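Trainee: I am new to this one. Can we go through it by question and answer?

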Number of protein chains: 2
Amino acid sequence: MRITRTVAAFIRSARIAHLATADAAGQPHVVPICFVFDGRRIYSPIDEKPKTRSPLRLKRVRNIASNSRVAVIVDRYDEDWNRLAYVLISGTAGLLHRGSNHRKAITLLRRKYRQYRSMALEKRPVITIVPARVTGWGNV
Amino acid sequence: MRITRTVAAFIRSARIAHLATADAAGQPHVVPICFVFDGRRIYSPIDEKPKTRSPLRLKRVRNIASNSRVAVIVDRYDEDWNRLAYVLISGTAGLLHRGSNHRKAITLLRRKYRQYRSMALEKRPVITIVPARVTGWGNV
C-alpha cells in the first residue's frame with residue numbers, strides 16, 4: 001500500500017480521526033478516535049475516557065471481532081470550503097494486546113498526546129488498522 | 001424517538017457530522033457531512049464540493065440504496081479531555097429528490113451554511129436520516 005508523503009503528513013497532523021465499523025448484520029457504527037500513524041498502520045488505543053466498562057465490550061471492538069473491515073477518515077473542516085479536505089482509509093482492523101507493535105503504538109501515542117502519559121495504556125488493547133485503500137479528496 | 005433539548009442543541013451546534021454507511025457486503029464507509037437537524041430528522045445534501053460526478057454514483061448513496069442502516073456522529077474534540085463529547089445516532093437513511101421535506105431541508109441548510117446560498121441544491125438529492133437510537137457520551 002503506497003501512501004504519498006503529502007497524504008501521510010495530512011493523516012499525522014490530525015488530532016482525531018473517525019473510525020467506522022459494522023456488525024455482522026451490516027449496522028454501521030462510528031466513533032471519534034485518537035490515533036497514531038507510523039507510515040504503515042494506524043493505531044488507536046482502547047482508552048475509554050472515562051473508563052466505564054471492559055474494553056472488549058465496546059461496540060467498536062465487538063464489531064471488529066465479527067467483521068474486521070473498517071474505514072477511517074481524517075478530515076479538515078474550514079468555513080472556506082476551498083480548504084476542505086479528507087483522506088479515507090479502508091482496511092482491516094485487529095486487536096493488539098501485547099508485544100512489540102503494542103509497545104511501539106503506546107510510545108507513539110504518548111509522544112503525540114500528552115494526555116496519555118499518565119494513563120495505564122500498557123494494560124489495554126490497541127486497535128491496529130492495515131490500510132488496503134487510501135483515497136484523498138479536496139485540498140489535502 | 002425522544003431527544004432531549006441538551007442533546008438536540010449539541011447536534012445543531014456542530015458544523016459537521018460524520019456519516020457511516022456500509023455496503024451489502026458489510027464494508028463500512030465514512031465521510032464528513034454538512035447537515036441540519038429539524039428536531040426529528042437529519043438532512044444532508046449531496047452537494048459535492050467540487051461537483052465531479054453524478055450524485056447517485058457517490059459511495060454513500062450507493063451504500064444507502066443497498067443498506068439503509070446508517071450511523072451519524074456529532075462530536076467535539078478539545079485538548080482538555082474533560083470537554084470531550086459525542087452524540088451517536090443510529091437510524092435509517094433515504095434519499096429525497098423533491099417535495100416539501102426536500103424544500104424544508106434546503107431552507108434550513110441555507111440558513112445554517114451561507115456557502116449553500118449560491119449553490120443549486122434544489123436540483124440535487126438530500127439524504128434524510130430518521131434516528132432510531134441516540135446515545136450521548138461525555139460532556140454534551
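Predicted model: local features only at pLDDT ≥ 70, side-chain atom pairs only at ≥ 80, totals over all residues.

Trainee: What is the radius of gyration of chain A?
Mentor: Start with the box: the C-alpha atoms of chain A fill roughly 40 × 40 × 30 Å along the principal axes. A compact globule of 140 residues would have a radius of gyration near 14 Å. The value for chain A agrees with that: 15 Å.

Trainee: What percentage of the residues of chain A count as buried?
Mentor: Buried means under 20% relative accessible area. The accessible surface of chain A is about 6,700 Å², and 48% of that belongs to carbon and sulfur atoms. Of the 140 residues, the buried part is 52%.

Trainee: Among contacts in chain A with a separation of 6 or more, what share comes from residues 24 or more positions apart?
Mentor: Contact means heavy atoms within 4.5 Å. Among the contacts in question, residues 24 or more positions apart account for 67%.

Trainee: Where do the buried residues of helix 1 of chain A lie, and which strands do they pack against?
Mentor: Helix 1 covers residues 5–13, and its buried residues are V7(A), A8(A), F10(A) and I11(A). Seen down the helix axis, they fall within an arc of 160 degrees, so they line one face. In general, an α-helix has 3.6 residues a turn, so residues three or four places apart point the same way. The buried residues of helix 1 of chain A pack against strand 3, strand 5, strand 6 and strand 7 of chain A.

Trainee: Which residues are exposed on the other side of helix 1 of chain A?
Mentor: Exposed means over 50% relative accessible area. On that other side, the exposed residues are R5(A) and S13(A).

Trainee: What relation superposes chain A on chain B, and which residue of chain A comes closest to the axis?
Mentor: A rotation of 180 degrees with 0.0 Å of shift along its axis does it, at an RMSD of 0.0 Å. That is the relation of a two-fold axis. The C-alpha atom that comes closest to this axis, at 2.5 Å, belongs to G26(A).

Trainee: What percentage of the interface residues of chain A are also interface residues in chain B?
Mentor: The copies meet through the same surface. The reason is the shared percentage: 100%.

Trainee: Is C34(A) buried or exposed, and how many disulfides does the structure hold?
Mentor: C34(A) has 6% relative accessibility, so this cysteine counts as buried. C34(B), at 5%, counts as buried too. Over all chains, the number of disulfides is zero.

Trainee: Where is R83(A), and which residues does it contact beyond its neighbours within four places in sequence?
Mentor: R83(A) is found in the loop between strand 5 and strand 6 of chain A. With a relative accessible area of 35%, R83(A) is partly exposed. Leaving aside those neighbours, its contacts are R76(A), D78(A) and N139(A).

Trainee: How far apart in space are G94(B) and A9(B)?
Mentor: G94(B) lies in strand 6 of chain B. At 21% relative accessibility, G94(B) counts as partly exposed. G94(B) and A9(B) are 85 residues apart in sequence, and their C-alpha distance is 24 Å.

Notes: Residues numbered from 1 in each chain as written. Chains lettered and ligands numbered in written order. Heavy atoms only, no water. Buried < 20%, exposed > 50% of the residue type's maximum accessible area, 1.4 Å probe, protein only. Helix = DSSP H or I, 4+ residues; strand = E, 2+ residues; numbered from the N terminus. Arc of directions from axis to C-beta. Least-squares fit on C-alpha atoms with pLDDT ≥ 70 in both. Disulfide = S-S within 2.5 Å. Rg over C-alpha atoms; globule rule 2.2 N^0.38 Å. Areas by Shrake-Rupley, 256 points an atom, 1.4 Å probe, with all protein chains shown as cover.
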